Amino acid sequence: MGVNGYGTIGKRVADAVAAQPDMEVAGVAKTQPNFEAHTAVDLGYPMYAAIPERAPLFAEAGIETAGAVDELVADADVMVDCTPSGIGAENKTMYASYDTPATFQGGEDATVAETSFNARANYDDARGADTVRVVSCNTTGLSRLVAPLSEAYGVETVRATLVRRGGDPTQDSRGPINDILPDPISIPSHHGPDVQTIFPDLSIETMGLKVPATLMHVHALNVTLESDVTAAHVRQLLENQSRVYVIPEGFGLDGAGTLKDFALDAGRPRGDIWENCVWGESIAVEGRDLYLFEAIHQESDVIPENVDAIRAITDAADAAESIERTNRTLGVGLAGDPTGFDSAEPVEADD
């Protein structure tokens, strides 16, 4: 597996793939020899120049390259494109010219690939495909909830307000700095239509806000179900989802800041939280209307999905096998007690 783009997502994907017993990192490609390039070499990943003309810059920085990115594409069984939005679509022709299957990220338009992908919702749609798009962090989070709710109760309508971080911690050019922005002002936001690339028949309405924070997104959800349920039953359903963490009452995890501190204290790499974090206290039901809050770590929740997408493309495992293997090797899955964050057996069931 080759990674084109070794930034926020790419470096996490490479590390996740390296942890898999059935995968190997063939190399990573970068446009410039910055600190991430040096880190990649220190980790033993072969480095390729994403822009061939810049190869001398790597040599000047003391980084030996294994070649240009097209050589990586030729050698890899699968390419994972983690380049900035829009660049992946430009790279698609290169992958096709070498007959190398590729996965793309959610920043690309859905038309870039044969199917959009979420492991919990539509794994089989990607099996044997040449191109797959792993949907964005927000769409991944929403899909992980919609899938079990739809299976267990049926979903009539999803209404979601997404309070989005202004930028990732390293994106110092992003904002707002001191404002709260409807983003977009028009309704719906792009998130609803993106979820419909996974659930074509789903009725979903989304609104977005952008706030001066870098830690996580927060979703406020109202889901009208097709059958009457209790909050306790919904909570039990979500607790059985391996990539959903229902935050117990009384642990003081009252916001994105404490969740990130929790992850760092627990020794999670880069403080990553691969799971949806649903506040158990927020789960409420009025008739057929379900309400809840969840937090989504935008830098990492798509990483397990990228690993599963590789197995789907290569038809190396079915959904249950891939999800279990990815969860086990990365340590995904929390069973409630945060003291078990780093040591508990990963949750394997998605019942």
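Cys137 counts as buried because its relative accessibility is 14%, where buried means under 20% relative accessible area, exposed over 50% and partly exposed in between, for a 1.4 Å probe and protein chains only. The model is predicted, so local features need pLDDT of at least 70 and side-chain atom pairs count only at pLDDT 80 or more, while totals for chains, interfaces and linings use all residues. Residues are numbered from 1 along each chain as its sequence is written, and side-chain values use heavy atoms, with hydrogens and water left out.

In the unreviewed UniProt entry, Cys137 carries the annotation "active site"; such annotations may be inferred rather than shown by experiment. The residue belongs to helix α7, which spans residues 137-153; helices are DSSP runs of H or I with at least four residues, and strands are runs of E with at least two. Leaving aside residues up to four places away in sequence, Cys137 touches His217, Ile296, Gln298, Asp301 and Val302, a contact being heavy atoms within 4.5 Å.

Helix α7 gives the largest share, 4 residues, and β12 (217-225) supplies at least two. The lining comprises 7 nonpolar residues, no polar and no charged ones; Ala, Val, Leu, Ile, Met, Phe, Trp, Tyr, Cys and Pro count as nonpolar, Asp, Glu, Lys and Arg as charged, and the others, Gly among them, as polar.
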